[in-house]
Amino acid sequence: MKSPKFDYVRAGSVADAMTAYAEADGDAVFVSGGHSVVPSLALRLQAPALMIDLSAIEALSGIDLRDGWLRIGAMTRHAQAMTDPLIATHAPLFAAAAPFVAHPAIRNRGTLGGSLAHADPASEFPAAALAMRAELEIASAQGIRRVPADDFFVDIYETAIEPGEVLQAIHVPCAVAGQMVAFDEIARRRGDYAMVGAAVQAVSAGEGLQDVSIAMFSVGNRPVRAASAQVALTGRALDAPAIAAAQAALADDLDPPDDPQFPASMRLHLARVLLGRVLAKLETAA
Amino acid sequence: MTAGNEHIGQAHRRGNALRHLAGRGRFVTDLALPRMLHAAFVRSPMARGRIAELDVSDAAAAPGVVRVFTAETLNKTCAPWTGTLEHFAGMKSAPQNILAEGAVLWAGHPVTMILAHSRAEAEDACELVLLDIEEEEAVVDGDAALLDGAAPASEGIDSNLCFRTVLETPGLDDAFASAAHVVEESFTFGRHTAVTLEPRAVIADFDPSTGQLTVHQGTQTPYQFQDVYARHFGLPESKVRVIAPDVGGSFGMKLHVYNEEMATVAASLTLGRPVRFVADRLESFVSDIHARDHRVTARMAVDAAGTILAMDVDDMTQIGAFSTYPRTSVAEGNQVIRLMGAPYRMPDYRGRLSVVFQNKVQTSQYRAVGHPIACAVTEALVDRAAEQLDLDPFEIRARNLVADDAYPHVSATGYQFEKLSHQTSLAKLRQLMDYDTLRSEQAELRRQGIYRGIGIAPFVEITNPGAAFYGVGGARISAQDGAVVRLTPGGDVQCAISVTEQGQGTETIIAQIVADQLGVTPDQVKVTTGDTDTTPSGGATWACRGAGIGGETALRAGRRLQAQILAIAGAVLQADPATLALAGGAVIDSGTGRERITLAEIGRIATYRPDTLPEGCDNSLSAVQHFAPTGYPFDFTNGIQASHVEVDIETGVTRLLKHWVVEDCGRIINPLLVDEQIRGGVVQGLGPAFFEECLYDDMGQMTNASLADYLVPMAGEMPDIEIAHVETPTLDTILGAKGVGEAGTAAAGAAAMNAVNDALRPLGARISQTPMTPLRILTALGHV
């Protein structure tokens, strides 16, 4: 498990990083925390000629409020998501998801941007971003663009980031009055990738739930928005029949993969159980 | 005069733990020798096939590569090995050699060895080897392997049946015919593997100028490998030195002969320079031995009072393409069928064992060989019988466990028990776990929809094996051990002993034992292990023999030196040695306890002024002693475990709430280390009960061969483990110690399976397959 030889450069800016990528004719890989990239090199799943380290780029760090959005630098470590007060207030699903991500040593190195750009369909932060309706700030040679999370996650390990582009920041809409969130997953062991996970955000208004946003993960090739379940809950009080309706609706939202060790029927069953539990927690929090 | 027991029985910390914590461990991988080459292997990607083309020319020309070996260039240096033993009558296995010749027989079978200046360069070159294999249908499933017309899993065998044996008592059929109840169940026990913290590692260093081969190897059995390397490579035994430095866990996995270690030795012999191989995690999964892999059908006959009359068991176990060398892959199944029902008075029994070849990684001895299977099957059936008779699990066991005053006792399978304490242990467990409170809490929680279960499992453990284990079958595996104990000129003590240390604390307990014989403290005793040049030859550490046999060896060696010291002291002091004893680092008057002369003074006189000793007084300050167990063929231990679990009946996830063990390993030398042996053993029993499994697809590919997908038990999922003891020393030795290393593993899974089934009982569901995954539990509950 030794990686093939590669060159290494520590980029000073996003522009430098993109230039280095272009000069390598695309035979390069960006690395931030390294907890996905480095093992993939050791396992020889990829063999780029050049590793471009983004971790020293100051512009990728920092968490601040801008125009009704919380801007979270892509280099924000998982561990920071558990302690930062702005994230706790405005991106609470990142804070709620972080304890489920691996173990402390990994959370000290792993980054939010790296996790989102890697887009493992079983990982927690992509689903949290989807549920919070985050927008992803991507730098390219042509400039900077923002992509809604619904359009960002394309397929397994595939996002709207084009080769050579850099994910700079995550923008999360600021919290509104009555906003509730809940996050949970079912895993074989603490810190493992989930068998099934759920991130839910909604606003409790006088006339029932509004702005319901449900992201399920480890149920397909990317985090999946449970649109039918959202509809089943919208405008209703969060009671047992509403939860049951949302659970039933999941069959329309999910088309889980089938595997002898993990049949699709089991994944759908677990997704329903978990959604019920997460919605019940949402109720408690309200 | 007898030595005191100042340190035996005390909780001394493991002496080498501090060194390891300080980063001062010296493992094989810490050793860098001049001109050392690094090995990597090209392995078969397929479970079964024929090598159509193998072209290594590009690899040989790759940067950093020094040599590429194939079967054609490497295997001729080594006499083939065959994993059969004579006492397993009729068993067969094809001869093996280092690299695949013509046929590849499992996914992972090494085909080409590449030696380079770094492991990374060797791996780069592996990608340049052109290996074209014509795939053939693999033998994957053990039942299918036994069907008429099934292709053999390796060449040179006529069928896939490696070994079959049947044990039967004359009264078996009558027992079942007269039974009030017969309970029956089929079980599947998954494959798993050791996953030691330190992977397999070896450096072979042949010096052509002296003809000396030195092998630094992370193994538990250096003498066995000295013998293997000498015989298979045609070297004089004195020219083969095997050194086992610090070893990061072994669990039986590191005492088998592997292709890669043989290749490393062969390469060093050929090139005359050091060669290093360290298994990475990926290749560990497809080359370290796997364990278990049984399908068992069993039934139990009981009378109307709940007395167990008989068991009838059929075990099919699947071992890969070859039986391992030199201990075979039959010992596991052999112990499965012989340990069934062992704690009980059960008079009649039939056990049938079929050991089957297939195209997977070899399985062989791993911690608690056979025990977890026999225990899980027996205890599941006992619980089923209790359910039929509406008896409490404690009650049915109280009615059937051999009484503590009924020894010696012989089991229906022929095992001889000197003295065990099942009934005392059962009563102690009930109190320890506060059983009645747990049951009422369970009933209360069930009303709230929370499903908790309680399971218990008595067990026996085979320890202190004599030559009956392997020696009688022709294996060159020592059943005896040896120690040299000496007093230094300055009055310190050194002990070189053949039992070895892999992290369990062997060296610590040896120091305690020797210290008590010589009246010093354990930190004054320097213990040396794991080097065939500097310690006497012996069986080393496996099958729970380090404390029982190694400890007795150390004790007797210490007493021999004690007598020598007292003789010298008697001469110096003009006293009768019988009136003297050793304590506090000195010779004392045994009547008054008064110090007469220090050990340092004895050392000084005997070393520097032997001229002052009387004529004929032997000044030897070294004593050598070998010891082989006599009396019972094995010293059995016993105990009982309990598991408390909560099954989430919606997700199938089981939470382990608590685990209890009452254990009787005879004389306890170090309670701290005994308890940690038990805890570690329990975890290695719970791992395969809930998490660990080598999964294969129907092409014979292992599909979860990485630590991302193969789930080892982690601290977060493990319960607190509470331990209590009963002490019934064996009278076969002076020390009275039996083994304890496998007790935890023997029954943890059995207790846990009974606990899960206890939780599921109100729902009418049962599980009899390990690991007990969420999928299997949800399937049992009808959710999937």
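**Exercise 1. Into which domains is chain B divided?**

Solution. The model is predicted, so local features are limited to pLDDT of at least 70 and side-chain atom pairs to pLDDT 80 or more, while totals for chains, interfaces and linings use all residues. Residues are numbered from 1 along each chain as its sequence is written, with chains lettered from A and ligands numbered from 1 in the order in which they are written.

Step 1. Chain B consists of domain 1 (15–24 + 480–627), domain 2 (31–136 + 195–285) and domain 3 (290–467 + 631–780); the bounds come from an automatic or database domain assignment.

Step 2. Taken over C-alpha atoms, the centres of domain 2 and domain 3 of chain B are separated by 35 Å. Their contact takes 26 residues from domain 2 of chain B and 27 residues from domain 3 of chain B, where two residues are in contact if their C-beta atoms, placed from the backbone, lie within 7 Å.

Step 3. On the side of domain 2 of chain B that touches domain 3 of chain B, the largest share, three residues, comes from α9(B). Helices (H or I, at least four residues) and strands (E, at least two) are DSSP runs, numbered from the N terminus. That side of domain 2 of chain B divides into 16 nonpolar, eight polar and two charged residues. Here Ala, Val, Leu, Ile, Met, Phe, Trp, Tyr, Cys and Pro count as nonpolar, Asp, Glu, Lys and Arg as charged, and the others, Gly among them, as polar.

**Exercise 2. Determine which parts of chain B touch chain A.**

Solution. Step 1. The contact between the chains draws 20 residues from chain B and 15 residues from chain A.

Step 2. On the chain B side, α4 (119–126), α9 (281–285) and α20 (774–780) each supply at least two residues. The largest share, four residues, belongs to α4(B).

Step 3. By class, this side of chain B has ten nonpolar, three polar and seven charged residues.

**Exercise 3. Describe the surroundings of A39(B) in the largest nonpolar core.**

Solution. Step 1. A nonpolar core is a set of buried Ala, Val, Leu, Ile, Met, Phe, Trp, Tyr and Cys residues joined through C-beta atoms within 7 Å. A residue is buried if 20 or more other C-beta atoms lie within 10 Å of its own, exposed if 12 or fewer, and partly exposed in between, with C-beta atoms placed from the backbone.

Step 2. The largest such core has 338 residues, and A39(B) and I114(B) have the most contacts inside it. Helix α19 (residues 743–760) of chain B gives the largest share of this core, twelve residues.

Step 3. Leaving aside neighbours within four places in sequence, the contacts of A39(B) include M113(B), I114(B), A263(B) and F277(B).

**Exercise 4. Trace the partners of strand β19 (residues 481–487) of chain B.**

Solution. Step 1. Six of the seven residues of β19(B) are buried.

Step 2. Two strands pair if DSSP finds at least two bridges between them. Six bridges join β19(B) to strand β25 (residues 622–627) of chain B in the antiparallel sense, with G482(B) opposite H626(B).

Step 3. Strand β20 (residues 493–497) of chain B also runs antiparallel to β19(B), through five bridges, and A483(B) stands opposite I497(B). β19(B) and β20(B) form a hairpin with five residues between them, and G491(B) in the turn has a positive phi of about 95°.

**Exercise 5. Which residues of helix α8 of chain A are buried?**

Solution. Step 1. The buried residues are E124(A), F125(A), P126(A), A127(A), A128(A), A129(A), L130(A) and A131(A). Because eight of the eight residues of α8(A) (residues 124–131) are buried, this helix is largely enclosed by the rest of the structure.

Step 2. Just after α8(A), R133(A) takes a positive phi of about 55°.

**Exercise 6. Explain why strand β12 (residues 196–205) of chain A is described as largely enclosed, and name its partners.**

Solution. Step 1. Seven of the ten residues of β12(A) are buried, so the strand is largely enclosed by the rest of the structure.

Step 2. Strand β11 (residues 179–186) of chain A pairs antiparallel with β12(A) over eight bridges; Q179(A) faces V203(A).

Step 3. Strand β13 (residues 208–217) of chain A pairs antiparallel with β12(A) over eight bridges. A hairpin joins β12(A) to β13(A) through two residues, and A205(A) stands opposite G208(A).
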